[in-house]
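Subject: Structure handover and notes

Hello,

Please find the structure below, followed by notes on what turned up in it.

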Amino acid sequence: RLLMLAHDPARKTVLGEEADAFVSSILAEFVLRAKTAEDDFLSKVSRYTEEHIHGPIRLDDLARHAGLEKHHFGRKYKQLTGRTPMQDVKRRKAAYAKHVLQSNPRWTLRNVLPLVGIRNTATLSRLLTRHAGASASDIKKAARSKNGR
């Protein structure tokens with residue numbers, strides 16, 4: 001609101017142009033630092049997810065790593081991304097599992113389970129279908145035909 005107010009042509013200048021320029025520069029710096037803080041927050045969460053992709057990742061773990069209480073963390077994350085943190089964790093696990101299956105089309109889902117921290121094949125199969133957009137068999141079939149095997 002402050003930025004909009006500072007650039008409102010209908011607003012009467014009380015302090016003069018130099019003061020307005022000073023206030024505008026302070027506001028611009030504030031916005032820049034706020035954006036940097038948001039980027040740092042999302043980078044921390046992303047880095048934690050990548051480093052722990054091989055195991056189970058809980059909301060508590062992500063919140064603790066970000067230094068926030070889990071409910072506040074979840075709200076802040078959704079406000080910044082439009083998704084819940086766990087939706088992104090599932091999406092990343094699915095993308096990693098898809099990559100593994102594309103690289104190793106002869107592997108079964110059981111081979112992939114320990115690499116993505118998921119306990120059973122039904123859960124991994126559902127995760128791939130929902131978040132990677134294809135079933136495990138479709139992913140492997142496409143990888144085999146691409147590689148000519």
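In what follows, two residues are in contact when they have heavy atoms within 4.5 Å of each other. This is a predicted model, in which local features need pLDDT of at least 70 and side-chain atom pairs count only at pLDDT 80 or more, while totals for chains, interfaces and linings use all residues. Residues are numbered from 1 along each chain as its sequence is written, and side-chain values use heavy atoms, with hydrogens and water left out.

The chain as a whole

The protein chain holds 8 helices and 0 strands (DSSP runs numbered from the N terminus: H or I of at least four residues for helices, E of at least two for strands). Of its 149 residues, 28% count as buried; buried means under 20% relative accessible area, exposed over 50% and partly exposed in between, with a 1.4 Å probe and protein chains only. The accessible surface of the protein chain is about 10,200 Å², and 54% of that belongs to carbon and sulfur atoms (Shrake-Rupley method, 1.4 Å probe; for residues, only the protein chains shown count as cover). Among contacts with a separation of 6 or more, 54% are between residues 24 or more positions apart.

I139 and L128

I139 sits in helix α8 and is buried, with a relative accessible area of 4%. Leaving out residues up to four places away in sequence, I139 touches K98, L101, Q102, L128 and A134. Its C-alpha atom is 10.0 Å from that of V100, which is 39 residues away along the chain.

L128 belongs to helix α7, residues 121-132. L128 counts as buried because its relative accessibility is 0%. Apart from neighbours within four places in sequence, L128 is in contact with A94, A97, K98, L101, L109, G133, A134, A136 and I139. From L128 to I139 it is 11 residues in sequence and 9.2 Å in space, C-alpha to C-alpha.

Helix α8

Helix α8 covers residues 136-147, and its 12 residues should span 16 Å at 1.5 Å a residue; the end C-alpha atoms are 17 Å apart, which agrees. The expected span is 1.5 Å times one less than the number of residues. Which residues of α8 are buried? They are A136, I139, K140 and A143. These cover an arc of only 95° around the axis, which puts them on the same side of α8 (the arc is that of the directions from the helix axis to the C-beta atoms). K141 and S145, on the other side of α8, are exposed. The buried residues of α8 pack against α5 (85-103), α6 (109-116) and α7.

α5 against α7

The axes of α5 and α7 come within 9 Å and cross at roughly 100°. Axes here are lines fitted to C-alpha atoms, for helices over the stretch in contact, with angles from 0 to 180 degrees between N-to-C directions. The two helices, α5 and α7, are therefore roughly perpendicular to each other (65 to 115 degrees; under 35 is roughly parallel, over 145 roughly antiparallel and the rest oblique). On the α5 side, Q87, K90, R91, K93, A94, A97, K98 and L101 meet L124, L127, L128, H131 and A132 in α7.

Helix α4

In α4, the buried residues include F73, G74, Y77 and T81. They cover an arc of only 95° around the axis, which puts them on the same side of α4. On the other side of α4, R75 and Q79 are exposed.

Regards
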